[in-house]
Amino acid sequence: MTPPLSDQDVARHWDANADQWADHVRRGWDAYREHLNNPAFFDLVGDLGGKSVLDAGCGEGYNTRLLAKGGARATAVDVSPRMIEIARAEEEREPLGIRYEVASFSDLPLFGDATFDAVVSSMALMDGPDLEGALREFRRVLKPAGDLFFSITHPCFMTKGFDWLRDDDGKAARLLVSGYFDAEPWVESWQFNSAPEGTAPFAVPVFPRTLSDYVNALVAGGFALREMREPRPSEEACREHPWLQPWRDHAALFLHVHAVKAAEA
Ligand SMILES: C[S@@+](CC[C@H](N)C(=O)[O-])C[C@H]1O[C@@H](n2cnc3c(N)ncnc32)[C@H](O)[C@@H]1O
């Protein structure tokens with residue numbers, strides 16, 4: 001049996017990815033973020049101006065800076081020390097009042113109970129081994145009725161056996177989904193879709209979960225589900241960026257969730 005991947009293993013992988021990740025994100029090569037994921041996610045998150053917000057799994061801080069520029073009082077954690085080093089360097093270059101700390105979102109003794117109005121986590125929860133621990137900590141550090149917003153790759157479609165079936169012209173004609181119930185973590189290799197051909201891929205530990213794993217963990221973790229969204233590119237966006245078309249025609253690439261800290265039972 002493969003040994004389980006720990007927070008330390010995840011940190012090691014993301015430390016190795018960090019410099020290239022930061023460079024590519026800042027060049028805008030994460031085109032799904034720019035043209036699909038972020039516009040939809042920030043629409044769900046709404047106005048957090050004046051609120052104390054924890055960005056959980058912040059990476060090099062791209063989305064944390066957007067939260068801060070929107071007026072949030074932002075604190076951010078990532079398990080990768082190199083990611084945090086890069087994020088802090090950017091904070092030094094252009095101060096936005098963001099506090100960055102190295103920490104696992106599943107273990108947050110740095111923060112007292114009921115510290116934050118909102119926890120926001122973009123594209124990170126599927127990359128950590130301990131979802132229940134993360135939700136326990138989010139609930140603890142949130143104020144009563146505080147908001148939790150998170151985005152993840154869609155658990156129903158971005159499965160271990162995900163692939164496109166193409167027609168004779170190479171067009172993505174069907175989505176192949178398999179291995180949905182295979183919960184064994186693995187290290188996935190992928191690159192941003194706008195990165196030039198031949199760019200070295202990132203090595204990313206993934207912890208596959210089903211949709212019910214997420215929803216049941218939220219409910220058991222003391223959250224009330226407010227809304228789930230499955231962003232679908234508009235016709236106009238697909239005309240401008242034809243690589244988005246399969247995600248309009250066939251399936252959702254991302255899942256966005258808004259939940260709130262429920263009162264004690
Ligand atoms: C796909 S990146 C997303 C980064 C950032 N949220 C963004 O949108 O650019 C996932 C990040 O989650 C971090 N991560 C994974 N597991 C974590 C954990 N247990 N605690 C904190 N960060 C974690 C990784 O180090 C990595 O920086």
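Biologist: At what angle do α5 and α6 pack?
Modeller: Helix α5 (residues 131–141) and helix α6 (residues 211–220) pack at about 35°, their axes 10 Å apart. Axes are lines fitted to C-alpha atoms, for helices over the stretch in contact, and angles run from 0 to 180 degrees between N-to-C directions. Helices (H or I, at least four residues) and strands (E, at least two) are DSSP runs, numbered from the N terminus. This is a predicted model: local features need pLDDT of at least 70, side-chain atom pairs count only at pLDDT 80 or more, and totals for chains, interfaces and linings use all residues. Residues are numbered from 1 along each chain as its sequence is written, and side-chain values use heavy atoms, without hydrogens and water.

Biologist: Which residues of α5 and α6 meet?
Modeller: From α5, L131, E132 and L135; from α6, D213, Y214, A217 and L218. Contact means heavy atoms within 4.5 Å. By class, that contact has 5 nonpolar, no polar and 2 charged residues. Ala, Val, Leu, Ile, Met, Phe, Trp, Tyr, Cys and Pro count as nonpolar, Asp, Glu, Lys and Arg as charged, and the others, Gly among them, as polar.

Biologist: And α1 with α4, how do they cross?
Modeller: Their axes come within 7 Å and cross at roughly 35°. On the α1 side the contact includes W14, W21 and R26; on α4 it includes M83, I86 and E90. The classes are 8 nonpolar, no polar and 5 charged.

Biologist: Which backbone atom is 2.7 Å from a ligand nitrogen?
Modeller: A polar one of G57. A backbone N or O atom of F105 lies 2.8 Å from a ligand nitrogen, and for V79 a polar backbone atom is at 3.2 Å. The protein covers 98% of the 600 Å² of accessible area that the ligand has on its own (Shrake-Rupley, 1.4 Å probe).

Biologist: Where is C156?
Modeller: In the loop between β5 (142–153) and β6 (163–166). Leaving aside neighbours within four places in sequence, C156 contacts V177, Y180 and L211.

Terms used
A polar contact is a pair of N or O atoms within 3.5 Å; within protein, one must be able to donate a hydrogen and the other to accept it, and residues adjacent in sequence count only if both atoms are side-chain atoms.
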